[in-house]
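User: I'd like a close look at one part of this structure, with the rest of the fold sketched around it. Keep the cut-offs handy for me.

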Amino acid sequence: MDEQNPYRGPDAAVAEISGSDELAGRGARLGAAIIDGIIMLVIVLPVMYMGGYMQMAMAAAQSGQKVGFGTTLMWAVIGFVIFAVVQGFPLNATGQTWGKKALKIKIVDLDGNKPPLGRLLGLRYLPIQVASNVPFIGPVLALVDVLLIFRNDRRCGHDLIAGTRVVHAD
């Protein structure tokens with residue numbers, strides 16, 4: 001007797017991600033992001049100091065104001081260019097940032113191949129960088145981006161946008 005159960009899940013087939021590479025763990029991805037963040041801070045903070053941003057930010061804070069959106073946008077562009085220069089070589093060569101290389105994980109497309117550098121920079125990193133600089137909603141979007149890693153396929157928002165995933169490197 002086939003009884004109808006209104007609480008039973010649907011029987012639809014679930015599409016699998018092609019490729020046989022094992023997904024990188026959330027901890028390894030976090031560690032790689034921290035390493036990459038430290039590398040960027042070591043490089044970008046002196047550039048921001050020498051470029052006058054730190055003094056401008058301190059003066060604005062002392063007067064109870066905020067740094068203008070145009071200035072913030074300009075430094076976001078400078079930061080992205082520095083990121084592209086620093087991480088471009090390993091991303092192009094192996095699909096890894098320096099942090100991912102240190103923790104033996106890499107970025108691949110859904111077929112398990114190394115994505116082209118333009119796709120990585122233009123789809124995986126740039127949209128989230130731009131969105132995170134939008135006042136008020138930017139930080140929320142950036143948070144949602146990283147929290148999506150708790151999905152079963154461990155793909156963050158930037159992975160979904162670029163059609164990538166992060167796997168263990170050989």
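Which residues line the second largest pocket?

Analyst: The residues lining the second largest pocket are K66, V67, G68, F69, T72, S132, N133, P135 and F136. Before going further, some housekeeping: this is a predicted model, where local features need pLDDT of at least 70 and side-chain atom pairs count only at pLDDT 80 or more, while totals for chains, interfaces and linings use all residues. Residues are numbered from 1 along each chain as its sequence is written, and side-chain values use heavy atoms, with hydrogens and water left out.

As for what a pocket is here: on a 1 Å grid over the protein atoms alone, it is an open set of points where a 1.4 Å probe fits, with protein on both sides within 12 Å along at least five of seven lines, and lining residues have an atom within 4 Å of a point. The second largest pocket comes out at about 230 Å³, with volume being the space filled by probe spheres set on the points, which are joined across faces, edges and corners. Its lining splits into four nonpolar, four polar and one charged residues. In that scheme Ala, Val, Leu, Ile, Met, Phe, Trp, Tyr, Cys and Pro are nonpolar, Asp, Glu, Lys and Arg are charged, and the others, Gly among them, are polar.

Now for the largest pocket. Its volume is about 1,000 Å³, and 31 residues line it, with A33, Y125, I128, Q129 and V146 lying nearest its centre. Helix 1, helix 3, helix 5 and helix 6 are the elements that each give two or more residues to that lining (helices are DSSP runs of H or I with at least four residues, strands are runs of E with at least two, both numbered from the N terminus). Helix 1 gives the largest share, 11 residues. By class, the lining has 19 nonpolar, six polar and six charged residues.

Take L121: beyond its neighbours within four places in sequence, L121 is in contact (heavy atoms within 4.5 Å) with F80, F83, A84, L91 and L126.

On to the charged pairs. The whole structure has four salt bridges, each a side-chain nitrogen of Lys or Arg within 4 Å of a carboxyl oxygen of Asp or Glu. One of them joins the side chains of R124 and D159 at 2.7 Å, N to O. R124 lies in helix 5 and D159 in helix 7, so this pair ties together parts that are 35 residues apart in sequence. R124 counts as buried because its relative accessibility is 2%, and D159 is buried too, at 0%; buried means under 20% relative accessible area, exposed over 50%, and partly exposed in between, using a 1.4 Å probe on protein chains only. D153 bridges to R151, with the closest N and O atoms 2.7 Å apart, and R151 is partly exposed at 32%. The side chains of D153 and R155 also meet in a salt bridge, at 3.9 Å, N to O, and both of these residues are buried. Salt bridges with shared partners join R29, R124 and D159 into one network.

K104, in the loop between helix 4 (98–102) and strand 1, has a phi near 60 degrees, positive in a residue other than glycine, and counts as exposed because its relative accessibility is 57%. R154 isn't a glycine either, yet has a positive phi of about 55 degrees; R154 sits in the loop between helix 6 (137–147) and helix 7 (157–162) and is partly exposed, at 27%.
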